Amino acid sequence: MTAQTSSVIAAVVRLLTGASVCWTGCRPERGQRIYVGNHTSHVDSLLIWCALPPAIRVLTRPVGAGDYWGSSHPARQLLTRCFGAVLIERGCAAAAERERQVGTLLAAMGDAYSLIIFPEGTRGDGPGIAPFKSGLYHLSLRRPGLELVPVHLDNVHRILPKGEILPVPMACRVTFGPPFALHPAEPKALFLERAREAVRRLSQTGSAPC
């Protein structure tokens with residue numbers, strides 16, 4: 001997808017959803033990153049993707065659930081071909097399968113692409129943020145120093161709640177926060193809680209000007 005096409009899509013999405021964008025303690029950068037967000041709606045990936053500047057947007061790939069967007073789902077081709085989405089299967093506890101998933105994500109990133117990830121693993125029903133799954137830790141372990149950017153989506157769950165098809169414009173907000181990374185020898189549980197807290201902390205900036 002070209003930067004011009006992505007800009008048209010982004011303008012339409014932001015008009016339909018009423019979303020505003022805020023960067024706090026962080027600047028848009030073209031370097032490889034993982035955007036780590038809370039997950040409350042089917043439009044979460046699209047909103048984060050559209051909130052990025054055009055030159056960064058075209059080098060950023062959303063990560064989605066392959067078991068949800070099955071081979072017969074009508075939106076699967078749109079997601080993978082137009083938005084470059086990377087689809088992986090959820091709920092695989094075996095170490096070998098987890099390594100395969102991490103390998104898929106690393107291959108999708110290559111040397112140029114960033115990813116949009118929702119470590120909760122599934123959508124919530126409100127503003128609370130569930131504990132993060134371990135995939136983010138293992139991905140960071142394989143790419144030392146990789147910059148992670150927390151993203152908080154505020155009020156998005158009301159735009160397209162579970163079971164709904166058409167979005168309803170709301171006063172929602174996409175907030176990007178200060179980047180962080182896995183520390184050397186940092187325990188998995190400590191890292192995942194620190195990442196979750198980085199996203200949760202951004203909810204407190206919801207009414208602050210950018």
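What share of the 210 residues of this chain counts as buried? The value is 43%. Buried means under 20% relative accessible area, exposed means over 50%, and partly exposed is in between, with a 1.4 Å probe and protein chains only.

A quick word on the source. This is a predicted model, where local features need pLDDT of at least 70, side-chain atom pairs count only at pLDDT 80 or more, and totals for chains, interfaces and linings use all residues. Residues are numbered from 1 along each chain as its sequence is written, and side-chain values use heavy atoms, with hydrogens and water left out.

Now the overall layout. The chain has seven helices and seven strands. Their order along the sequence is α-β-β-α-α-β-α-β-α-β-α-β-β-α. Helices (H or I, at least four residues) and strands (E, at least two) are DSSP runs, numbered from the N terminus.

Next, contacts. Contact means heavy atoms within 4.5 Å. Take the contacts in the chain with a separation of 6 or more: 74% of them join residues 24 or more positions apart. As for the surface, the chain exposes about 10,400 Å², and carbon and sulfur atoms supply 58% of that. Those areas come from the Shrake-Rupley method with a 1.4 Å probe; for residues, only the protein chains shown count as cover.

Let's look at helix H6, residues 135–142. Which of its residues are buried? They are Leu136, Tyr137, His138, Leu139 and Ser140. These buried residues pack against strand E2 (33–37), H5, strand E5 (114–117), E6 and H7.

Start with H5, residues 95–109. The axes of H5 and H6 come within 10 Å and cross at roughly 60°. Axes are lines fitted to C-alpha atoms, for helices over the stretch in contact, and angles run from 0 to 180 degrees between N-to-C directions. H5 and H6 are therefore oblique to each other. The cut-offs: under 35 degrees is roughly parallel, over 145 roughly antiparallel, 65 to 115 roughly perpendicular, and the rest oblique. On the H5 side, Arg98, Glu99, Val102, Leu105 and Leu106 meet His138, Leu139 and Arg142 of H6. By class, that contact has four nonpolar, one polar and three charged residues. Here Ala, Val, Leu, Ile, Met, Phe, Trp, Tyr, Cys and Pro count as nonpolar, Asp, Glu, Lys and Arg as charged, and the others, Gly among them, as polar.

On to H7, residues 188–201. H6 and H7 pack at about 105°, with their axes 9 Å apart. That makes H6 roughly perpendicular to H7. Leu136, Tyr137, His138 and Ser140 of H6 make the contact with Lys188, Phe191, Leu192 and Ala195 of H7. Those residues divide into five nonpolar, two polar and one charged.

Now strand E6, residues 147–154. Valine 151 lies in E6. Why does valine 151 count as buried? Because its relative accessibility is 0%. Leaving out residues up to four places away in sequence, valine 151 touches Tyr35, Val36, Gly37 and Phe176, among others. Its C-alpha atom is 5.5 Å from that of threonine 175, 24 residues apart along the chain.

Histidine 152 is also in E6. At 6% relative accessibility, histidine 152 counts as buried. With the sequence neighbours up to four places away left out, histidine 152 touches residues including Asn38, Ile129 and Arg173.

Last stop: isoleucine 56, in helix H3 (residues 54–57). Isoleucine 56 counts as buried, at 6% relative accessibility.
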